[in-house]
Amino acid sequence: MTTTTRIERHHYDVVVIGAGGAGLRAAIEARLAGKKTAIISKSLFGKAHTVMAEGGAAAAMGNVNPRDSWQVHFRDTMRGGKFLNNFRMAELHAKESPQRIWELETYGALFDRTKDGKISQRNFGGHEYPRLAHVGDRTGLELIRTLQQKIVSLQQEDKAEFGDYEARIKVFSETTITELLLDGDRVAGAFGYYRESGEFVLFETPAVVLATGGVGRSYKVTSNSWEYTGDGHALALRAGATLINMEFLQFHPTGMVWPPSVKGILVTESVRGDGGVLKNSDGKRFMFDYVPDVFRKQYAETEEEADRWYTDPDNNRRPPELLPRDEVARAINSEVKAGRGTPAGGVYLDIASRLPAEEIRRRLPSMYHQFKELADVDITKEPMEVGPTCHYVMGGVEVDPDSGAAAGHVRGLFAAGEVSGGMHGSNRLGGNSLSDLLVFGKRAGGHAASYTDTLASRPKVAVPAVEAAVETALAPLQRDTGESPYTLQQDLQAVMGDLVGIIRREGELADALVRLAELRERVAKVSASGGRRYNPGWHLALDLRNMLVVSECTAKAALERRESRGGHTREDHPTMDPQWRRVNLVCSLEGDTVQLTRKPLPKMRSELITLFDRAELAKYLTDEELAEFDALAEKES
Amino acid sequence: MAERNSPAAGDAAAKRQFRIWRGDDTGGDLQDYMVEVNEGEVVLDVIHRLQATDAPDLACRWNCKAGKCGSCSMEINGKPRLACMTRMSTFEEDETVTVTPLRTFPVIRDLVTDVSFNYEKARETPAFAPPADVAPGDYRMQQVDVERSQEFRKCIECFLCQNVCHVIRDHEENKPAFSGPRFFIRAAELDMHPLDARTDRKQYAQSEMGLGYCNITKCCTEVCPEHIKITDNGIIPMKERVVDRRYDPLVWLGSKIFRRGETPQSSVTSARAAGPAARPNLDGVHSHAGGSHDPQAEAQAQSGVNWHREVPHPTAPAVDERGKLPLTELTFDRAAAPSPFGDDVTFPLPPEHLNFAHPEQDKH
């Protein structure tokens, strides 16, 4: 093939794939280290999914409660992740996030303030003290805009010095990378296309930082945008890196499933806290049938008692709608699977018949306005249709905690943000993702820059690899016999949503793997109509390959892990197993097939593990580990 | 999902008539589609359905589908809107929905336009200048002071305000000299930032960003999906203070003696609009001669004469670099001449701006 002559070529020291919080922070760091840096953005600059984060960025600054410290934040993070976190990442994150937040103020960020003029911090689930720096409910937007404007300011400095805004840092917007190119085991380049023209582009670079976010588009109901197709996960796998913890996905039990205009948007738990009840299509308030024995004592058995709780919580037991998230999700899942769901595959969340309209508007103003404006749904008049929604993936590229360098057999590849794994263990605390982006974005960018200094020679891109990448990218356009990419995506979403969703069973997971193998055959023959210029069908056809391989990782790891922990719930293994806490499941690619291996978790340093009470550790650790802890405690006393 | 229907809807999904502009920079036309529409859907849902059925290569930008990212800007029945925020229920059952790309920017393909103009203007707007003597972690600001800038930082950069602005809509020739509402509020945001070290934001907006082209028709405010008061809270305060500085000889003298841009409060507007700290409330009307929301001034006016009122200095029109008003009759947006008092002046004028002393009261 002679098409290589038409490929635009660029040379950079560091190429950052992804323009969300982690990618932009990494790029800033690489540019500050003096490296010529490219940012590849799948959408326009400043539109990344980071804008969706509402709550805030967790950092133990102690502005609201001075007793807060990195140690407390570290403990909260480990607890939230059910002790499966990479302890070193949790430690670095807790220690460094305050500096990363303060740094944003020097870039122009304007957080909400305390009375004495410091950054205000709010309470959030799982955080012991008020800890989330925030700007109303648009913290993610503030973060992305601040980083975007910092990059512009660096470009203005370069313009003053070199006469060119893009002398040392350039944003390639609406550009998608389809392949990483290697020279032996070293990263040599990244190949992709411009959405606008469909022309190909080759970045020759010794260092690549992946910051591509998550995988939610593989699910039917998700709060994620179209970009979330697991590109970084798949690029890393194909380049020889490994993924860990891919079985852990965060689902919210009550995302809207209908109408389509708000599908995936989360309905806050306070709707249930304020009296909202869950009903199936028979109109039955079904949660009473799903109270597990361990919770029996704390939860009401009759509707009358449950209803009295809202006004008299001291003398009555809680309504079962307020069971933990995974229990509620399990119950919704069971009702839908038993055929008692709504046509859209959810259940009814009814607050309209429970409180006067005025009261609903007063207590839930943003919920009321959001649904009224986006969907013309009046939650004071009609019940909502809700179901579990895919929200965040804890798993991702296995990295060195300090540098963000990808594990496996590839050098020059780094990862930060949602695409990396380990930091959040089996479950992420709200607010920890924004600070994660900043802490590990900076680290990955800085280490990618210093990695390029260690190279004696620049890795070279091999011509046949480029030709192969061109051929793969053009294939869907040249076939006209295959299926539509939209159909294939719907089928993939159905498999993942129905069989590898929030509640998992061995038989269904095995079934999912069979169906994914069938889908792999069909995706290999996908065809896209139309030309190369801004053709979303073609783009989806290319993304499908990534979604598929990442889904296989999730399904395989979910089948393997025979316990329930955080974002992985197995109905056939409903409890946490201390033996499984010592194991990470690692995915790699051999040829075309996903390989799964077990790898022991790194052991927490003694000064960190002694931050916890023995009673708490006893819930997570094996007897053997507890004995070690006791010996340690004795030595210290 | 597409075949499903809400139980609340009851009946089968209806087919609706859509006209969508298809084409690229070489030309194109409106194409008709009959497409299924279900209850509760927005225009973006319908476009997605079209992509999955009749038009798999229909180009359209979108990301969050929740009104937070500003990607799906387009013109729906001629109005600049976010497709994810435009509910199908706002149209009549038999109404044809016409969807076209943003008109102010060059078309790439179908509904996707080249918005790089905005990113160029962003680069030309000087960035936040951190104070040299404040270390990270030592920034102290009051909530009331940051809120002014926070209003402008709500901007999701959908560029609908840029698209609707008549200075550049159909006026390609104005684009080099005009940054547009999005970047006027960026300048205002930095001007009002309690710790920004630059002091020439307003002058810069006037001399380099083309603030003078704006004649306050408020179209930008009308289309803003974030409901930012672009004109009232951003552009008008910037304009007033620019005018003070540029044409007041006292201020000019003062700026030579003091630091450039740090103006002593000497004119009628600067008493209310000098710096962020001096301004009590931005919610009120903020015009030279618009209605007054100042209770003290109102009270004074009620009781007689406001002797402390400073006489407004005459202001020259904001002209472009050729020394001309940035308008000609040919390109002006109305048939007759503009009001000699300016478009933002409404009558009657607020009483505290008038120095009439009632003869009866004078006797006391």
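Predicted model: local features only at pLDDT ≥ 70, side-chain atom pairs only at ≥ 80, totals over all residues.

Start with chain A. It holds 19 helices and 23 strands. Of its 637 residues, 64% are buried. Take the contacts in chain A between residues at least 6 apart in sequence: 72% of them join residues at least 24 apart. Chain A exposes about 22100 Å², and carbon and sulfur atoms supply 49% of that area.

Switch to chain B. Here there are 12 helices and 7 strands. Buried residues make up 52% of the 364 residues in chain B. Among its contacts with a separation of 6 or more, 64% come from residues 24 or more positions apart. The accessible surface of chain B is about 17100 Å², with 54% belonging to carbon and sulfur atoms.

**A parallel pair in chain A**

Select residues 485-499 and 536-560 of chain A, which are helices H13 and H15. Their axes come within 9 Å and cross at roughly 20°. H13(A) is therefore roughly parallel to H15(A). The crossing is left-handed.

Now show side chains. On H13(A), the residues in the contact include Leu488(A), Leu492(A) and Met496(A). On H15(A), Leu540(A), Leu544(A), Met547(A) and Leu548(A) are among those they meet. Which classes of residue make up the contact of H13(A) with H15(A)? It has 11 nonpolar, 4 polar and no charged residues.

**A perpendicular pair in chain A**

Next, select residues 87-106 and 432-453 of chain A, helices H3 and H11. The axes come within 8 Å and cross at roughly 90°. That angle makes H3(A) roughly perpendicular to H11(A). Look for Glu96(A) and Arg100(A) on the H3(A) side, and for Asp436(A), Lys442(A) and Arg443(A) on the H11(A) side; these are among the residues in contact. By class, this contact has 7 nonpolar, 4 polar and 5 charged residues.

**Where chain B packs against chain A**

Go to residues 116-124 of chain B, helix H2. Its buried residues are Phe117(B), Asn118(B), Tyr119(B), Lys121(B), Ala122(B) and Arg123(B). What do the buried residues of H2(B) pack against? In chain A, the partner is helix H4 (139-162). In chain B, the partners are helix H4 (160-164) and helix H5 (181-192).

Stay in chain B and pick Val134(B), in the loop between H2 and helix H3 (143-153). Its relative accessibility is 23%, so Val134(B) counts as partly exposed.

Most residues other than glycine have a negative phi, and most peptide bonds are trans. The last stops depart from that.

- Select Trp258(A) and Pro259(A). A cis peptide bond joins them, with omega about -5°. Pro259(A) lies in the loop between strand E13 (249-258) and helix H6 (270-273) of chain A.
- Select Asn245(A), in the loop between strand E12 (243-244) and E13 of chain A. Asn245(A) has a positive phi of about 60°. Is Asn245(A) buried or exposed? At 0% relative accessibility, Asn245(A) is buried.
- Finish at Asp170(B), in the loop between H4 and H5 of chain B. Asp170(B) is not a glycine, yet has a positive phi of about 65°.

Conventions. Residues numbered from 1 in each chain as written. Chains lettered and ligands numbered in written order. Heavy atoms only, no water. Axes fitted to C-alpha atoms, helices over the stretch in contact; angles between N-to-C directions. Helix = DSSP H or I, 4+ residues; strand = E, 2+ residues; numbered from the N terminus. Parallel < 35°, antiparallel > 145°, perpendicular 65-115°, else oblique. Left-handed = near helix turned anticlockwise from the far one by under 90°. Contact = heavy atoms within 4.5 Å. Nonpolar A, V, L, I, M, F, W, Y, C, P; charged D, E, K, R; others polar. Buried < 20%, exposed > 50% of the residue type's maximum accessible area, 1.4 Å probe, protein only. Areas by Shrake-Rupley, 256 points an atom, 1.4 Å probe, with all protein chains shown as cover.
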